[in-house]
Amino acid sequence: MARTGNRGRRLYEAMREVIAETIKRELSDPRLSLVTITGVRATEDMSEATVFWTVYRASARDGAATALQSAAGILQGRIGRDLRT
């Protein structure tokens, strides 16, 4: 996950925003209501990314993790459509 420089930072921030907005506006899973996307890092070729997140209540962490795993395909598709990198 070595992308650095201004372009990399802008891309990571754009990915974070797309993920956060998709969760907020398109996913109706109540387990995601208190999730905050804090950052994104990706491999140089953008084939893999790590999304960093937190949840307001620690007791909701496992449910949120499961919900995010379920939504991974939707989030990947939205990133691909919105960013068109």
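## Leu 83

Buried means under 20% relative accessible area, exposed means over 50%, and partly exposed lies in between. In this predicted model, Leu 83 has a relative accessible area of 22%, so Leu 83 is partly exposed. Leu 83 sits in helix α3.

Which residues does Leu 83 touch, not counting those up to four places away in sequence? They are Leu 11, Ala 14, Met 15 and Val 18. Glu 13 lies 70 residues from Leu 83 along the chain. The C-alpha atoms of Leu 83 and Glu 13 are separated by 11 Å.

## Gly 8

Gly 8 belongs to helix α1. Its relative accessible area is 1%, which means that Gly 8 is buried.

Gly 8 and Gly 73 are 65 residues apart in sequence. In space, their C-alpha atoms are 23 Å apart.

## The largest nonpolar core

The largest nonpolar core holds 18 residues. Ile 19, Ile 23, Leu 27, Leu 32, Val 35 and Leu 75 touch the most other members. The largest share comes from α1, with five residues.

Ile 23 is one of the residues that touch the most other core members. What does Ile 23 contact, leaving aside neighbours within four places in sequence? Ile 23 is in contact with Leu 32, Ile 37, Leu 68 and Leu 75. Of these partners, Leu 32 and Leu 75 are also listed among the residues touching the most other members of the core.

Terms used. Residues are numbered from 1 along each chain as its sequence is written. This is a predicted model: local features need pLDDT of at least 70, side-chain atom pairs count only at pLDDT 80 or more; totals for chains, interfaces and linings use all residues. Side-chain values use heavy atoms; hydrogens and water are left out. A nonpolar core is a set of buried Ala, Val, Leu, Ile, Met, Phe, Trp, Tyr and Cys residues joined through side-chain atoms within 4.5 Å. Buried means under 20% relative accessible area, exposed over 50%, partly exposed in between (1.4 Å probe, protein chains only). Helices (H or I, at least four residues) and strands (E, at least two) are DSSP runs, numbered from the N terminus. Contact means heavy atoms within 4.5 Å.
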